[in-house]
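Thanks for coming. I will go through one structure this morning, starting with a term that we need for the contact between the chains, and then the parts of each chain.

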Number of protein chains: 2
Amino acid sequence: MTHYKKLEKKFDRIGKLRHLLSIVGWDEQVNMPQDSGESRAEAMAEGYLMIQELQLDAELQDLIQEAGEEARLNKLTLEQGANLKLIQKKMKDAKAVPSQLNHALTLAVMKCQHAWRDLRRDNDWKSFLPLFEPVVSLTKEAASARAEAFGLTPYNALLDQYQSGLDSDFIDRVFNGIKTWHPDLLDKARARQATILQPSGSFSIASQKNLGLEVMNALGFDFKRGRLDVSHHPFCGGVSSDVRMTTRYSEDDFTQSLMGIIHETGHGLYELGLPKEWEFQPAGHAAGMMLHESQSLLYEMQVGRSLPFLKFLSPMVKKHFGSDPALETDNLQKIYQRVEPGLIRVDADEVSYPAHVILRYEIEKQLIEGSIATADIPLLWDEKMKTYLGLDTTGNYKDGCMQDIHWPGGSFGYFPCYTLGAMLAAQWFRALKQDHDLLDTAIESGDFTWISSWLNKHIWSKGSVEHPLDLIKNATGEALTDRHYKLHLERRYLS
Amino acid sequence: MTHYKKLEKKFDRIGKLRHLLSIVGWDEQVNMPQDSGESRAEAMAEGYLMIQELQLDAELQDLIQEAGEEARLNKLTLEQGANLKLIQKKMKDAKAVPSQLNHALTLAVMKCQHAWRDLRRDNDWKSFLPLFEPVVSLTKEAASARAEAFGLTPYNALLDQYQSGLDSDFIDRVFNGIKTWHPDLLDKARARQATILQPSGSFSIASQKNLGLEVMNALGFDFKRGRLDVSHHPFCGGVSSDVRMTTRYSEDDFTQSLMGIIHETGHGLYELGLPKEWEFQPAGHAAGMMLHESQSLLYEMQVGRSLPFLKFLSPMVKKHFGSDPALETDNLQKIYQRVEPGLIRVDADEVSYPAHVILRYEIEKQLIEGSIATADIPLLWDEKMKTYLGLDTTGNYKDGCMQDIHWPGGSFGYFPCYTLGAMLAAQWFRALKQDHDLLDTAIESGDFTWISSWLNKHIWSKGSVEHPLDLIKNATGEALTDRHYKLHLERRYLS
């Protein structure tokens, strides 16, 4: 057995422990009774600690050295070489941040996130701040440690954890570009809003679920390797051999959960398409969160809210909820292409959305870089909300800077993945359309195999073998760009 | 920190890894999609391997030595001393059976158990035998290794894994005792059967579930730390901080799932009552499977099928399924106290049940001792079935020796726990009644707090701190006996 093979075998254990933790993590969101959280948190924290210890194992370090030698002698396949690099990076990561600091951060996050639910409801920024400050300061400390190990700025060190290949210079350039055309596009799109018929009546959860399952089936989700359940915060969890999607239903309105299911199906299909033979190795994982969001947003924004798809969808919706003029294609289109800025990111329309992300990105970057303090966030939030969307959030922390789980959860550097993912989704879809002239017709007829086989070939089946930015270039013929995103928004909302 | 405390801290990791594996194991039975099994099995097998490795860790071995010294100097509390002994036993166990043998057995079991479902359906003993033989031979090998380490016979070494304190001499004595009065009692009870009204109609699963939840609530199950779900084989899984009970529903018949829920609630209450502060340590676990079955059978047989309980139950049943003479107390009593020998153990009535267990015990003991071969099982099964219950199973492997999951799953030595548990349930209930004159009245009025607080005080809250046989003696004033079991059966079925 080569040293590389021994390394892989040793690393398998980490992949398998992650498998167990992913299923248990899903269970926590979907099934766990309310008073079982403390023991569960302890058990899960121990599992993550074991992963860090396994990564720091001395024998593993030796094998990495020796496998590196084999790589230099060209003894590894392309995939093995890529996997080795990913393992090396994970090792470096595990070494960079002391386990004590990691543990302190985990505890601070648990405490802050737990309190956040109630404090947000109560609009209580004052009580939230002292719990949130240690999260920020410990995150900054961990970011600095990572930055030093990898030769990055602290904020880039955070970005890199969610999506390798990104840095804040690039994001600044892209987001500043978006800011030049976004206000005008938003104004024009708002001016064109037509009256929407609200679908009336009560929409039973059983029917909503059946409709969702039908749509998932049509999009190609494999229920022999995945499920759809309910959780408070919709997400796509589990593992690539067993994908666990969730949604939440409201009996007043089926449109949100339905589009939520389509979004999560994009994540789910990506996971299901990852290379089986690399299941427990880093090379078999998705290529980053920007890439992941680009898949969910391709299904939601490029496909799901498009006219051809809504033509396909309308009869299915009517089958479940009866005939109502509000369920005709043209009204569904008005619903799903409505533009109306609001305070809440997760409820935002496609055109307003980037403003929510840019605002958060600008604040979190300054926060991590130390040019603002945690206590400055609300004021900055109010200012930017007024500038970007013309909305006042003064004193409204609940629907302002306390609205997202990300920051109390210690996730800084994630938000850009949403808008970069939306950009990338437009770029994928444009490449897809170039390869398939009749794509709209296929979508309208409910045939999504063209889409899934293209994505599978160019993205899903690659896992993390190619560098994400290479993968984008190889598949679309150009570097990551906002060009197609802008064109898409103009075409959908201004023409 | 004492060495003992360090040992406990180190052992905590094993408890936490077990927590993760228990939740994932429950998920496998309840949620896992059909094609996700292979990856799941690999991940779980790795987890169990990690537990064995943690138990064999050299530092842990040293700590055990040093903690043993502290115990000799009386530096440990009663609970700590008991916990240390349990840890020592676990270590000895981990050392006794080589991990290669364990792994080979796991693989043989997975293969056999997987094939069993279809082969049982097809009544195909011939194809089953070559898959089952390695399970038996590897189990015998592991039993011998354990036997040598612990100075036991091989079969006793298996028994001991499920219930410490048991040996086959004791079981032989008890079961031979039962065999002296059982045929006569069975004949007499059968002769007294009255005509039963079958509840008619279809029983919606939603109503059955609601009824089940109501009964669980009445019995004191804490839904903040547990759930009820559906699985193919009903069981009680999860962990003591998060108890996961399952059942299965048939729309034709609510009576089986309802009594199944009451049975599993007994297991669940035991788990919920275990001492929280010992959660991740062996001292915090249930005191063995005979003890566990004694709790489920106390709730099912002593309480659930009794007249006072059925008086309490009848109005609840009628509330969910409408008024039907078949749902009146007297008819429910006929249903739940029916005696009619059949081929299937899990469907057996209370009087027939011990015959199913004694038959299996006698066969598996001879099998492990080597006095019969695996291929001899069907013939022996037929003979004993005819002798004990007067039924012919010739050629019917499906409803004969292939009916249970235990043997293909490598569980030999478990079956006696059912009948010993039934005996013990009668012994507990008699002690309970002695302490509470008005117990029947309380049950009839739906007050089960007397029962649960007695069990909690004498059994649940003790975890594994007391030796199981001491625990029985301390709580009931006498050693484990079949006396009360016989009296109970005579009182219920002959008077």
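Predicted model: local features only at pLDDT ≥ 70, side-chain atom pairs only at ≥ 80, totals over all residues.

By a salt bridge I mean a side-chain nitrogen of Lys or Arg within 4 Å of a carboxyl oxygen of Asp or Glu. To take one example, A:Lys16 pairs with B:Glu46 through their side chains, at 3.9 Å from N to O. On the side of chain A that touches chain B, the elements giving two or more residues are helix H1 (3-30), helix H2 (37-56), S1 and S3 of chain A.

Polar contacts are counted separately. Between chain A and chain B there are 22 residue pairs in polar contact, both residues being at pLDDT 80 or more.

Now the extent of the contact. Chain A contributes 39 residues and chain B contributes 39 residues. The size of an interface is often given as the accessible area lost when the parts come together. For chain A and chain B, the buried area is about 3300 Å², and carbon and sulfur atoms give 56% of that. Which residues of chain A lose the most area to chain B? They are A:Arg13, A:Leu20 and A:Lys224, and together they account for 19% of what that side buries.

Next, how the copies are arranged. Chain A superposes on chain B by a rotation of 180°, with 0.0 Å of shift along the axis and an RMSD of 0.0 Å. That is the relation of a two-fold axis. Of the interface residues of chain A, 100% are also interface residues in chain B, so the copies meet through the same surface.

Let me move to the sheet, beginning with chain A. In what order do the strands of chain A come? The order is S1-S3-S2, in an open sheet of 3 strands with mixed pairing. Strand S1 (226-230) and strand S2 (236-239) of chain A are at the edges, and each has a single partner strand, so one side of each has no neighbour in the sheet. From one strand to the next, the twist averages 20°.

S2(A) runs antiparallel to strand S3 (residues 242-247) of chain A, and 4 bridges join the two. Within that pairing, A:Gly238 has A:Val243 in S3(A) as its bridge partner. Across S1, S2 and S3 of chain A lies helix H10 (residues 255-273) of chain A, which runs at about 165° to S3(A).

Then chain B. Its 3 strands also make an open sheet, in the order S1-S3-S2 with mixed pairing. At the edges of this sheet stand strand S1 (226-230) and strand S2 (236-239) of chain B, each with a single partner strand, so one side of each is left without a neighbour.

What joins S2(B) to S3(B)? A hairpin does, through 2 residues. These strands run antiparallel, with 4 bridges between S2(B) and strand S3 (residues 242-247) of chain B. Two of the partners in S3(B) can be named: B:Val239 is bridged to B:Asp242, and B:Cys236 is bridged to B:Met245. Helix H10 (residues 255-273) of chain B packs on this sheet and touches S1, S2 and S3 of chain B, with its direction at about 165° to that of S3(B).

That is what I had; questions are welcome.

Note on methods
Residues numbered from 1 in each chain as written. Chains lettered and ligands numbered in written order. Heavy atoms only, no water. Least-squares fit on C-alpha atoms with pLDDT ≥ 70 in both. Contact = heavy atoms within 4.5 Å. Pairing = 2+ DSSP bridges. Axes fitted to C-alpha atoms, helices over the stretch in contact; angles between N-to-C directions. Buried area = accessible area lost by both parts, 1.4 Å probe. Polar contact = N/O pair within 3.5 Å; in protein donor to acceptor, adjacent residues only side chain to side chain.
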